[in-house]
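Subject: Structure for your review

Dear colleague,

Please find below the structure I am handing over to you, together with its sequence. My findings follow directly after it.

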Amino acid sequence: MAGDFSFNSQVRFDKNGLDNAARQRSRSFQVMVFMLIVTTMVAMPMFRLAELQLVQGAYNRQRAENNRIRPVSVAATRGQLLDRNGKIFAANRVSRSVYLWPKERSPQEWQEVAATLDPIVKLPAAEIIKKIDGAGYKSALPVRLSKDIDVGTFVALGEQANALRGVEIRAESSRDNPNQQLGAHVLGYVGEASLDQLKANPAYPMGMIVGQMGVEKLANSTLEGVWGNRLIEVNAKGEEIQDLGVKDPIPGKPVQLTLDLDMQKTAEKALGDRLGAVVAIDVKTGALLTMGSWPTFDPNIFTRKVTQKEWDRLQGPEKPFLNRAVQGYPVGSTFKIVTSVAGMESGKFAPDSILESSSSITIGGISFNEHGAGKGVIGFRDALAYSSNTFFYQVGMAAGPEQMSKWASKMGIGGTINLDLLGIDGANHGQVPTPAEKKKMYKEDWYVGDTVTMAIGQGLVLCTPLELAVMVSTIANGGSRVQPHLLASQTNTPLTKKIPTGIKPSTLKVIKEGLIDVVKKGTGRGLNDGTIPLSAGKTGTVEMPGHADNSMYVGFAPADKPEIAIAVIVEGGGFGAVSAAPIAHEVFKTYFQKQGFKPTNKPF
């Protein structure tokens, strides 16, 4: 048994050894195969890389040079600005812009290109380099160099195409104001987004065009649309080889304004080249029908590089950017409407109260003159018709500055209008300060002369033409203050809701009668020629020490069922009846011609 056991064990041992040897040879083979596969996998890219660099290097370098992938922003068409009847105030046209692709050249090469471009695009080489520096020489995005280039520049760039690799001329949509200067202060202008605007709007691409002033800025989110983009392949000359993908832009939406294009043309033509402003509003809704100011500017110049001459004019002493419709002026006798309301609503006077008017009146030992002969004993109706200073001196003294300030505010003067709805840069409110406010603002006491001059709209009183239009519309519509606005979408909404002032019907009635008499027999007779319905209004002649008198007019029409209110100022225009009232007459005429009014050519 022992021998048997020993033999069998040896057999088993030898057999196991053979098996182990086989398994070892198998594992070695597997390792060799694995190493061969790994070596092959590593070697193949190396061989390919060597082939690309050594054998085909020149070919591939040329191919890399000749073919590039570029992301290109696709501008969205900006929405149109339309007048209340759908006529175009601002639209778009096809233009050409010059772009640079920074990564296409080295900094040294761009110095040479900039020197070539300088006389063609009329932009200093240093400024061209500054634009590229700002983007960075490794930037894959283009930099706009010039926009809205003329035909001569386009041809000159084409002639130099072989030397201008990295320079692209791109067709774009450019803003176009077909009426040029018309309504410029209201419409505003567009321009390339500033760095701050780009930071505030991360979705904006470089070169994004946005509203920079006026309605263009106010309604920019509606007008701008959404820019698209393209991925294109181009060769070394910047020529497009193929389109790799497109995301179409979304056009901006049109914005309808409350302005009337024809009335705006009439107002600005009638104002001419005289410093001043014209405002017309709907007395029921506050919708602005006209807002003109002179001097003005052409928004189209901002679609390209503004010349030095143009910039100097914009910064000149006449201040073309200044919208005079929203700047405060002493307003003279047009303020007597407010003084009338303050006198009657204070309880100091009744609608049928009468006072003695004369050539002058002495108050506190100081003599205050009439602008002509006194009219004797008169009431509010005749005092307005003949614009009696001495009558209103007495009313103002009795009512007091607080009452005049209170009712001026209720009627839209001095800060009660929401100017944010208009989006007008540099817009201001007027002022009708109380004694306490004068002390706070000027560190001065109140004097009797302050009250007297306030009563006739001089001294500390300042009103904007826009405020005057709102003020007189309050009389026209039955005592409610309207909120002026420019966007048609805001009419008859909570934003523009009328606010009752609380003026009694009896007060409104006598003031309306007085303003009608101004046109029938007073200083506004020039408006009563039958070419427009009977209107109501008030002229004003404002003394400006050291300068010619300013000319003012406020009014509404038709007198019996008012629809439109107008305010006009002409700086240095003299008598209100001579300069301001005729401008209002022309605006009234255009409005009522469009309404189908048939002239009688006879006074009412």
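In helix α12, the buried residues are Lys-336, Ile-337, Val-338, Thr-339, Ser-340, Val-341, Ala-342, Gly-343, Met-344 and Glu-345. The model is a predicted one. Why can α12 be described as largely enclosed by the rest of the structure? The helix covers residues 336–345, and ten of its ten residues are buried, so the rest of the structure largely encloses it. Burial here means a relative accessible area under 20%. Just after α12, Gly-347 adopts a positive phi of about 90°.

Overall composition

The chain has 604 residues, of which 49% count as buried. It contains 20 helices and 21 strands. When contacts between residues at least 6 apart in sequence are considered, 70% of them join residues at least 24 apart. The chain exposes about 28,600 Å², and carbon and sulfur atoms supply 56% of that area.

Nonpolar cores

Which residues touch the most other members of the largest nonpolar core? They are Phe-335 and Phe-588, in a core of 111 residues. Neighbours within four places in sequence aside, Phe-335 is in contact with Ala-408, Ile-413, Val-432, Met-454, Ala-455, Ile-456, Gly-457, Val-461 and Cys-463. A second, separate core has 17 residues, among them Val-98, Val-113, Ala-114 and Leu-123.

Cavities

The count of cavities of 30 Å³ or more comes to two. The largest cavity holds about 270 Å³ of space. Its lining consists of 21 residues, and those closest to its centre are Arg-144, Ser-173, Ser-174, Arg-175 and Ile-209. Strands β3 (88–100), β5 (167–176) and β6 (190–192) each contribute at least two residues to this lining. The largest share, four residues, comes from β5. Sorted by class, the lining of the largest cavity has six nonpolar, eight polar and seven charged residues.

The second largest cavity has a volume of about 30 Å³. It is lined by Arg-175, Asn-177, Gly-188, Tyr-189, Val-190, Glu-216, Pro-299 and Thr-303. Three of these lining residues are nonpolar, three are polar and two are charged.

Pockets

The space in the largest pocket amounts to about 1,100 Å³. Of the 37 residues that line it, Lys-131, Arg-144, Leu-145, Lys-147 and Glu-192 lie nearest its centre. At least two lining residues come from each of α3 (107–121), α4 (125–135), β4 (143–146), β6 and α7 (195–200). The lining of the largest pocket divides into 18 nonpolar, nine polar and ten charged residues.

Two or more lining residues are given by each of β15 (366–369), α14 (389–399), α17 (448–455) and β19 (536–544). Which of these elements gives the most to the lining of the second largest pocket? That element is β19, with five residues. By class, this lining holds six nonpolar, 13 polar and four charged residues.

Pro-178 is located in the loop between β5 and α6 (184–187). Is Pro-178 buried, exposed or partly exposed? Its relative accessible area is 45%, so it counts as partly exposed, a term for values between 20% and 50%. Residues up to four places away in sequence aside, Pro-178 touches Ile-88, Phe-89, Ala-90 and Ala-91. Pro-178 and Asn-300 are 122 residues apart along the chain, and their C-alpha atoms are separated by 8.7 Å.

With kind regards

Technical notes:
Residues are numbered from 1 along each chain as its sequence is written. This is a predicted model: local features need pLDDT of at least 70, side-chain atom pairs count only at pLDDT 80 or more; totals for chains, interfaces and linings use all residues. Side-chain values use heavy atoms; hydrogens and water are left out. Buried means under 20% relative accessible area, exposed over 50%, partly exposed in between (1.4 Å probe, protein chains only). Contact means heavy atoms within 4.5 Å. Accessible areas come from the Shrake-Rupley method with a 1.4 Å probe; for residues, only the protein chains shown count as cover. A nonpolar core is a set of buried Ala, Val, Leu, Ile, Met, Phe, Trp, Tyr and Cys residues joined through side-chain atoms within 4.5 Å. On a 1 Å grid over the protein atoms alone, a cavity is a set of points where a 1.4 Å probe fits but cannot get out, and a pocket is an open set with protein on both sides within 12 Å along at least five of seven lines; lining residues have an atom within 4 Å of a point. Grid points are joined across faces, edges and corners, and a volume is the space filled by probe spheres set on the points. Ala, Val, Leu, Ile, Met, Phe, Trp, Tyr, Cys and Pro count as nonpolar, Asp, Glu, Lys and Arg as charged, and the others, Gly among them, as polar.
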